Amino acid sequence: MRKETIMIMAFFIMAFVLGTVSGVVFIKVANLFLPKDKKVNPLIGGAGLSAFPMSSRVVEKVGIESDKQNHLLPFALGANVAGQIGSVMAGGILLSLLK
């Protein structure tokens, strides 16, 4: 392995971890301002990555481990799709700016 390859892998892991953490933290902060009956499970924030569909499956598995009635897959897939669309739009904007 070359040094450049290891650096790319390290940046990928760092981006994945920071994306997951920032999604969870964003939902926790949003929950501070939401009414008590409208709170969102913070795991959904972790599915906002565009790692479709694996992050949705991880969120579903962790939710089921916590509570057998906690089925989060449809909501996690929605967050995944939003992450995909956001990534495509950000890439398109970046390409148009670099043109």
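Biologist: Of the contacts in the chain between residues at least 6 apart in sequence, what percentage join residues at least 24 apart?

Modeller: Start with the word itself: a contact means heavy atoms within 4.5 Å. In this chain, 44% of the contacts between residues at least 6 apart in sequence join residues at least 24 apart. Bear in mind that this is a predicted model, in which local features need pLDDT of at least 70, side-chain atom pairs count only at pLDDT 80 or more, and totals for chains, interfaces and linings use all residues. Residues are numbered from 1 along each chain as its sequence is written, and side-chain values use heavy atoms, with hydrogens and water left out.

Biologist: Good to know. How many helices and strands are there in the chain?

Modeller: Both are DSSP runs numbered from the N terminus: helices are H or I with at least four residues, strands are E with at least two. By that rule the chain has 4 helices and 0 strands. Read from the N terminus, the order is α-α-α-α. The radius of gyration (taken over C-alpha atoms) is 16 Å, well over the 13 Å that the globule rule gives for 99 residues, so the chain is more spread out than a compact globule. That rule is 2.2 Å times the number of residues to the power 0.38. Along the principal axes, the C-alpha atoms fill a box of roughly 45 × 35 × 20 Å.

Biologist: What span should the 31 residues of α1 have, at 1.5 Å a residue?

Modeller: The expected span of a helix is 1.5 Å times one less than its number of residues. For α1 that comes to 45 Å, and its end C-alpha atoms are 45 Å apart, which agrees.

Biologist: Now for burial. What percentage of the 99 residues count as buried?

Modeller: Buried means under 20% relative accessible area, exposed means over 50%, and partly exposed is in between, using a 1.4 Å probe and protein chains only. Here 19% of the 99 residues count as buried. In α1 the buried ones are G23, I27 and N31, and what covers them includes α2. In α4 they are A76, A79, N80 and G83, with α2 and α3 (54-66) among what covers them.

Biologist: Which residues make up the largest nonpolar core?

Modeller: A nonpolar core is a set of buried Ala, Val, Leu, Ile, Met, Phe, Trp, Tyr and Cys residues joined through side-chain atoms within 4.5 Å. The largest one here has 6 residues: I44, A47, V59, L72, A76 and A79. I44 touches V59, L72, F75, A76 and A79, if you skip residues up to four places away in sequence.

Biologist: Last one, the rings. How many aromatic pairs does the structure hold?

Modeller: Rings of Phe, Tyr and Trp (its six-membered ring) pair if their centres lie within 6.5 Å; planes under 30 degrees apart count as stacked, over 60 as edge-to-face and the rest as tilted. The structure holds 1 such pair. The rings of F12 and F16 have centres 5.9 Å apart and planes at 35°, so the pair is tilted. F12 and F16 both lie in α1 (residues 3-33), 4 residues apart, about one turn of the helix. F12 is exposed at 55% relative accessibility, while F16 is partly exposed at 35%.
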